[in-house]
Amino acid sequence: MDLQGKKIVLGLSGGVACYKAAELCRALIKQGAQVHVVMTEAATHFIGAVTMQALSGNPVWLDQWDARMANNMAHIDLTRGADAILIAPCSADFMRKLAHGACDDLLSTLCVARPHGVPLLVAPAMNVEMWQNAATQRNAATLRADGIQLFGPGAGEQACGETGLGRMLEPEQILDELVASFQHKILAGKRVLITAGPTFEAIDPVRGITNLSSGKMGYAIARAAREAGAEVTLVSGPTALPTPFGVRRIDVLSAQQMMDAVMAGVEGQHVFIGVAAVADWRVANASEQKLKKQEGGAAPALEFVQNPDILATVAATTSLSGWPYCVGFAAESENLVEYGAAKRERKGIPLLVGNIGHHTFGQDENSIVLFDESGHTVLPRADKLTLARQLVSEIGKRLEARSLLT
Ligand code: CTP
C-alpha cells in the first residue's frame, strides 16, 4: 500500500470529470490513504457529496461557514497534518483562483492556508479550447512557478465531443503521479534507458522462439526511475503490461530489433539497465513462408546464429565518455555469488543484479543480489516495485558518488 497512513485532502472543483473523482477516492483509500473531501459549490452539480462521503468514510466539506468543526476553522484544521492537497478535477476557473491566491470559498481558502511544505497537486480538467486559452496557459505557468505540480492534462476525446488536450488524467494515472510525488528524486534530470521483457525470434511468419519473461521487473524499474525524476525510455519485447505513466515505450520483437532500438537511443543516456531476457540465438534459416508439414516428412531442421549482446555492446561504448552507467541482470539457478561476480567482470559493467533462482519469471515478488566492485549486497524478498525502488536508489547513490569523483 503506497499511501499507507497518508492524509490526503481531495478537492473537487466544477467539471464533468467529477465522476472520475469517485473512482480516484476509492483508489486512494485502497492504497491506505485517509481521504478528506472538500467540494466547491460547482462540483456539487456534477456529483453528490453523499457519494464522496460514502466512499471516503469521512465528512465532506462544502462551505466555509460550516459549523461542524468545533473551532469553525475547516480551512486550517483540514490542512494541518495533511501530506498533500490534490485538486481533481481542477477547472479553468479554479486554476485562476489558485494563480491569484483567491479565498472566496472553503477549497480556495484552504489552498492558500496550507502550511509550507504541504504539496499542492492539481489535475486540470477542461475543454480543449479552455485549456489552450492564453489566460489558462498564463495561470498554468504561474502555478508551476509557485511550485504547484500539474498532473496532465491528458489528450483525447472529451465529454463535449471535441478532441484534444484538457481531459483529466485517469484515476489510476493520478494515483501513480501522487505516489511518485512522495518518492525521493534521486535521478532528477537523468535520462535512463531500459530493456525489458522477452524477445521473439521468428521461425516463420507465424511461429517463433521466445521465453517466459513477463517484463514485470523491467517495467517496475521503469516506473521507479520515473518516480525518482528520470526521463525514461523503455525498449520492450512483447508483454501484456501497461506502460508506466510518463515512460516512453518502444516496442520490439527480436533481439536484433532491440539492439537497433537501444543503439539508436543510447547517446545522451546517463543510465542503461538491461533487464530484458534476450534470446542468445536466432534462427538463421527462418522461412519467409509458413512451414507446411508433410505427410510422413521430416521435421524442419532449424539452424541458429548467435545474437549480439546488447548490454556488452553498450558497455563497450562507455569506455569513451564514461556514460551511460550500465546495469545488467543475471538469472542463475546455482552458485549465484560466484557466477554473478564473474558475469559482471565479463560484461564489463559496474553493477550487476542477480536474481536468486531462475523461477522469478512472471512472479510478483523476487529477491536480488547487487554485485559491484566492492562485493555483493542482498536485497531481501519483496514485491518487484519495492525492489525496483531500492535498486533505483542504489543506482542514484552510485551516480552521485561518481560525480563527486569526476
Ligand atoms: N543481454 C543482452 N543481450 C543479449 C543477452 C543478454 O543485453 N544478447 C543482457 C540481459 O538483458 C541481462 C544480461 O545481459 O542484463 C544477462 O546476461 P547473460 O549473459 O545472457 O546472462 P544469463 O541470461 O544469466 O545467461 P548465461 O548465464 O547463460 O550467460
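The centres of domain 1 and domain 2, taken over C-alpha atoms, are 39 Å apart. Domain 1 covers 7-181 and domain 2 covers 191-405, with bounds that come from an automatic or database domain assignment. Six residues from domain 1 and five residues from domain 2 make up the contact, where contact means heavy atoms within 4.5 Å.

Before going on, a word on the model. This is a predicted model, in which local features need pLDDT of at least 70 and side-chain atom pairs count only at pLDDT 80 or more, while totals for chains, interfaces and linings use all residues. Residues are numbered from 1 along each chain as its sequence is written, and side-chain values use heavy atoms, with hydrogens and water left out.

Now the chain as a whole. The C-alpha trace spans about 80 × 55 × 40 Å along its principal axes. There are 13 helices and 19 strands; these are DSSP runs numbered from the N terminus, helices being H or I with at least four residues and strands E with at least two. Of the 406 residues, 48% count as buried. Buried means under 20% relative accessible area, exposed means over 50%, and partly exposed is in between, using a 1.4 Å probe and protein chains only. Among contacts with a separation of 6 or more, 67% are between residues 24 or more positions apart.

S4 has strands to pair with. Two strands pair if DSSP finds at least two bridges between them. Strand S3, residues 84-90, runs parallel to S4 and is joined to it by four bridges. Strand S5, residues 149-150, also pairs with S4 in the parallel sense, over two bridges. Val 122 takes part on both counts: it is the bridge partner of Ile 87, and it stands opposite Leu 150 in S5.

Gln 158 sits in the loop between strand S6 (154-157) and strand S7 (163-167). Is Gln 158 buried or exposed? It is buried, because its relative accessible area is 8%. Leaving out residues up to four places away in sequence, Gln 158 touches Met 126, Asn 127, Val 128, Gly 164, Leu 165, Gly 166 and Arg 167.

Now the empty space. Rolling a probe the size of a water molecule over the atoms shows where empty space is left. The search uses a 1 Å grid over the protein atoms alone: a cavity is a set of points where a 1.4 Å probe fits but cannot get out, a pocket is an open set with protein on both sides within 12 Å along at least five of seven lines, and lining residues have an atom within 4 Å of a point. Grid points are joined across faces, edges and corners, and a volume is the space filled by probe spheres set on the points.

The largest pocket has a volume of about 1000 Å³. It is lined by 40 residues, and the closest to its centre are Ala 276, Ala 277, Val 278, Asp 280 and Phe 329. Elements that give two or more residues to this lining include helix H9 (216-227), helix H11 (310-321) and strand S16 (325-332). By class, the lining of the largest pocket has 17 nonpolar, 15 polar and eight charged residues. Here Ala, Val, Leu, Ile, Met, Phe, Trp, Tyr, Cys and Pro count as nonpolar, Asp, Glu, Lys and Arg as charged, and the others, Gly among them, as polar.

The second largest pocket holds about 390 Å³. Of its 16 lining residues, Tyr 219, Ala 220, Arg 223, Pro 242 and Pro 244 are the closest to its centre. Helix H9 gives the most to this lining, with four residues. Why does the second largest pocket lie between domain 1 and domain 2? Because both domains give residues to its lining.

Last, the cavity. The whole structure has one cavity of 30 Å³ or more, and the largest cavity has a volume of about 60 Å³. Its lining is Asp 176, Glu 177, Ala 180, Arg 223, Arg 226, Glu 227, Pro 244 and Phe 245. Of these, three are nonpolar, none polar and five charged. Each domain supplies at least three residues of the lining of the largest cavity.
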